[in-house]
Amino acid sequence: MLSYQHIYHAGGWADLQKHAALCALWDAMGREAASPKVRRTYIDTHSGRGAYDLGAVEALKTAEFETGIAHLAPARLPKLLHPYGAALKFWTPLYPGSAGCIAALRRKGEEMALCELHPGEVKHLRQNLGRKPQVRIIQKNGHEAVIDALPRDAAAQAATLVLVDPSYEVKAEYAQTAQTALHILERAPQAKILIWYPVLAGAAHHEALLEGLSVPLKHGALHSLMNAPGETPPPKGMIRSGLILLNPPEGFAKGFDGVSELLQRILSRGAGRRRRG
């Protein structure tokens with residue numbers, strides 16, 4: 001949506017789950033590759049700015065980073081979160097979005113295709129990542145552009161990671177996201193597809209996404225949920241953050257769940273300290 005700018009939400013608790021899982025997944029894909037010569041490809045359907053200044057007026061207006069990255073010490077993260085810590089260190093003093101995380105971790109020659117429709121966000125994206133090698137910025141709706149961005153070669157498709165991460169400002173986008181993922185699978189059956197979605201208080205919009213992906217969810221896809229920090233869910237807004245991974249690397253299920261569990265514990269301790277203060 002042209003009204004959505006992720007700077008208002010950057011570094012929040014849901015961002016941490018998404019980005020830490022993305023980094024762990026990219027790391028697992030690197031270890032899974034049969035040869036170090038295999039070059040991975042990253043495609044992002046809704047890239048935003050790629051990296052964010054949490055001191056910007058927009059970020060300070062909502063201060064959502066105080067629910068997330070403010071409670072993390074990158075140098076003291078558990079081993080599973082080390083790839084995420086490396087991305088955080090790479091971008092200091094900025095906070096890396098999804099594209100920024102992969103840019104920090106990718107190997108030489110690995111390609112990125114970053115879709116973003118919002119002209120203002122594209123401007124920032126070009127400033128942050130546009131001059132890096134093997135980065136292609138596509139100013140189109142990611143739901144429409146992602147299929148053409150997929151590699152044509154089957155081996156390259158198997159080493160491809162697609163993040164489907166829309167704003168969900170419109171209810172219909174939950175079902176649309178499921179359709180986008182299924183279309184990707186039709187064109188690139190072995191591609192890894194990571195989908196992020198929110199669970200909102202008093203709403204069941206996300207059920208359209210789960211229903212649309214019911215078949216892959218019954219046949220090997222991974223699904224992880226993380227609760228908003230604190231003892232009780234907030235009365236409005238996002239109460240849970242969800243991730244779905246289609247075609248996960250072999251043996252990655254434990255790590256996928258582990259990211260959410262580790263962050264849940266870390267952020268819950270931070271929420272407790274905030275309440276006592």
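**Close-up views of a predicted model**

**View 1. Helix α3 meets helix α4.** Let's start with two helices: the axes of α3 and α4 come within 9 Å, and they cross at roughly 95°. Angles of 65 to 115 degrees count as roughly perpendicular, so α3 is roughly perpendicular to α4. On the α3 side, the contact uses Pro 83, Tyr 84, Ala 86, Ala 87, Phe 90 and Trp 91. On the α4 side, look for Gly 100, Cys 101, Ala 104 and Leu 105. One thing to keep in mind for every view here: this is a predicted model.

**View 2. Helix α1 meets helix α3.** Here's another crossing for α3, this time with α1: the two axes come within 7 Å and cross at roughly 110°. That angle makes α1 roughly perpendicular to α3. From α1, the residues making the contact are Leu 16, His 19, Ala 20, Cys 23, Ala 24 and Asp 27. From α3, they are Pro 83, Tyr 84 and Ala 87.

**View 3. The buried residues of α3.** Now stay with α3, which covers residues 82-91. Which of its residues are buried? They are Pro 83, Tyr 84, Gly 85, Ala 87, Leu 88 and Trp 91. And what do these buried residues pack against? The list is α1 (13-32), β2 (51-52), β3 (95-96), α4 (98-105) and α5 (119-129).

View 4. Find Thr 92 and Pro 93: the peptide bond joining them is cis, with omega at about 15°. Pro 93 sits in the loop between α3 and β3. As a general rule, most peptide bonds are trans.

**View 5. Strand β1 and its two partners.** Strand β1 (residues 41-44) pairs with β4 (residues 111-115) in the parallel sense, over four bridges. Within β4, Met 112 is the bridge partner of Tyr 42, while Ala 113 is the bridge partner of Ile 43. β1 also pairs in the parallel sense with β6 (residues 160-164), again over four bridges. There, Tyr 42 stands opposite Leu 161 of β6. Are the residues of β1 buried or exposed? Thr 41 and Ile 43 on one side are buried, and so are Tyr 42 and Asp 44 on the other, which leaves both faces of β1 covered.

**View 6. The largest nonpolar core.** In soluble globular proteins, nonpolar side chains tend to be buried together. In this model, the largest nonpolar core has 88 residues. Which members touch the most others? Tyr 42, Ile 69, Leu 72, Tyr 84, Leu 194, Ile 195 and Leu 209 do. Helix α1 supplies the largest share of this core, 12 residues. Now pick out Leu 194 and skip its neighbours within four places in sequence: its contacts include Leu 22 and Leu 25, the run Leu 161, Val 162, Leu 163 and Val 164, then Leu 243, Ile 244 and Leu 245, plus Phe 256.

**View 7. Two residues with positive phi.** Ala 63 has a phi near 50°, and its place is in the loop between α2 (57-62) and α3. With a relative accessible area of 16%, Ala 63 is buried; the cut-off is under 20%. Asn 247 is another non-glycine residue with a positive phi, about 60°. You'll find Asn 247 in the loop between β9 (238-246) and α11 (253-276). Its relative accessibility is 28%, so Asn 247 counts as partly exposed.

**View 8. How confident is the prediction?** The chain has an average pLDDT of 92, and 95% of the residues score at least 70. Over residues 272-277, though, the pLDDT is below 50. Beyond near neighbours in sequence, that stretch has five contacts in the model.

Definitions and conventions:
Residues are numbered from 1 along each chain as its sequence is written. This is a predicted model: local features need pLDDT of at least 70, side-chain atom pairs count only at pLDDT 80 or more; totals for chains, interfaces and linings use all residues. Side-chain values use heavy atoms; hydrogens and water are left out. Buried means under 20% relative accessible area, exposed over 50%, partly exposed in between (1.4 Å probe, protein chains only). Contact means heavy atoms within 4.5 Å. A nonpolar core is a set of buried Ala, Val, Leu, Ile, Met, Phe, Trp, Tyr and Cys residues joined through side-chain atoms within 4.5 Å. Two strands pair if DSSP finds at least two bridges between them. pLDDT is the predictor's confidence in each residue, from 0 to 100. Axes are lines fitted to C-alpha atoms, for helices over the stretch in contact, and angles run from 0 to 180 degrees between N-to-C directions. Angles under 35 degrees count as roughly parallel, over 145 as roughly antiparallel, 65 to 115 as roughly perpendicular and the rest as oblique.
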